[in-house]
Amino acid sequence: MHSTTTKSQRGGGVIERYQEFLPVSPATPLISLGEGNTPLIYSPRLSERVGYGCEVFVKNEGVNPTGSFKDRGMTVAVSKAMERGTKALICASTGNTSASAAAYAARAGISCVVVLPAGKIATGKLLQAFAYGAKAVPIDGNFDDALRIVRELGETGDFTIVNSINPDRIAGQKTAAFEIVDELGDAPGFHLLPVGNAGNITAYWAGYQEYLAFKRSTRLPSMIGFQAAGAAPIFHDRIIEKPDTVASAIRIGNPASWQQARAVIVESHGAIDVVSDNDILAAQSLLAQHEGIFVEPASAASIAGLFKWCDTDDAAPSFQKIRENSRIVCTVTGHGLKDPDAIIRRMKESKPVAATVKDVLRAIEL
Ligand code: F0G
């Protein structure tokens with residue numbers, strides 16, 4: 001590996017750490033913002049909620065450089081794009097991919113076009129695309145329309161597509177599974193995560209399988225994906241023409257990696273399930289207020305799913321049949337500050353009080 005900037009031991013990202021498992025060579029320029037190496041946080045409260053002596057860990061991907069897991073795949077996709085001499089990136093996005101692509105394009109010194117469903121991108125994410133200097137093109141359509149257009153524009157040869165249909169994205173994202181195994185000493189029993197376009201569930205499974213093949217682990221987890229109830233094409237096994245959910249990141253009706261996700265669920269003896277918007281928002285609040293981890297709504301789908309599986313006793317999707325002392329990892333995918341709107345609506349603006357200790361004390365007591 002050689003770097004386009006001065007190489008430093010600090011701030012190295014997933015390519016430096018896992019290059020032997022990635023499609024890179026000494027000829028690949030390293031475009032990194034120090035992504036990966038995210039916290040795997042043990043949660044006593046969630047563990048207690050599951051019971052059976054299980055341990056629950058939260059993999060907090062919101063602390064990546066642009067605030068989501070997309071950066072893991074983007075460092076590889078953009079480094080490879082640079083190796084091939086690309087001049088411009090393009091992607092469709094519900095917000096996080098565009099934020100990440102824009103940042104890595106800026107780092108690489110190339111241009112970036114992001115095609116977005118108009119009015120459906122969380123404020124913080126749209127702001128990121130502008131801040132990093134991407135050309136944002138809103139369309140009158142949803143994410144699935146945007147991806148269709150991007151696929152066609154990719155064929156012109158003028159752009160490198162950096163959606164997860166680009167295999168370099170999946171390769172980079174599988175490093176999250178490597179980190180979990182490296183930290184726990186083996187793969188967990190269950191891995192829960194939100195599913196939108198289904199790239200991430202595909203990537204995690206690839207990572208777990210590769211580590212097993214290289215004898216870095218002795219087993220594979222059951223992969224359990226959660227879709228929002230109003231945007232659940234894989235769960236219902238049909239395209240959803242007008243997907244709708246408060247979790248705008250996973251508002252997708254025709255996922256690109258649909259077949260791969262189905263295969264993951266079968267091969268891992270896992271499942272795909274749905275969670276309601278209310279349950280997503282409740283899980284988001286709980287995680288922030290009881291664990292100190294503030295995530296965007298889509299990310300809370302894995303936690304909402306954990307609760308659903310704890311509380312369901314008769315349906316197939318249930319932890320009732322869980323093996324005792326299992327380890328469960330829940331990935332939370334993006335930072336809460338990206339999507340302030342839902343919280344702002346619930347925020348009660350309090351009136352300022354006089355600048356005295358007495359008045360502040362009185363306000364605290366209210
Ligand atoms: N969580 C967040 C915060 C996301 O942004 C996404 C996808 C997902 C979960 C689902 O991951 O698509 O790999 O199944 N966001 C994409 C985007 C679609 O454009 O930012 P997936």
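## Helix H4

In H4, the buried residues (under 20% relative accessible area, where exposed is over 50% and partly exposed lies in between; 1.4 Å probe, protein chains only) are Asn96, Thr97, Ser98, Ala99, Ser100, Ala101, Ala102, Ala103, Tyr104, Ala105 and Ala108. The helix is thus mostly covered, with 11 of its 13 residues buried. Helices (H or I, at least four residues) and strands (E, at least two) are DSSP runs numbered from the N terminus.

The model is predicted: local features need pLDDT of at least 70 and side-chain atom pairs count only at pLDDT 80 or more, while totals for chains, interfaces and linings use all residues. Residues are numbered from 1 along each chain as its sequence is written, and side-chain values use heavy atoms, with hydrogens and water left out.

## Packing and geometry of H4

The buried residues of H4 pack against helices H3 (70-83), H5 (123-131) and H7 (167-173) and strands S5 (88-92) and S6 (111-117). At 1.5 Å a residue, the 13 residues of H4 (residues 96-108) should span 18 Å, which agrees with end C-alpha atoms 18 Å apart; the expected span is 1.5 Å times one less than the number of residues. Just after H4, Gly109 takes a positive phi of about 80°.

## Nonpolar cores

A nonpolar core is a set of buried Ala, Val, Leu, Ile, Met, Phe, Trp, Tyr and Cys residues joined through side-chain atoms within 4.5 Å. The largest has 34 residues, of which Val50, Leu192, Ile303, Leu306, Phe319 and Ile328 touch the most other members. Its largest share, 7 residues, comes from H13.

Beyond neighbours within four places in sequence, Val50 is in contact with Val56, Leu306, Cys310, Phe319, Ile322 and Ile328, contact being heavy atoms within 4.5 Å. A second, separate core of 33 residues includes Tyr18, Phe57, Val195 and Tyr204.
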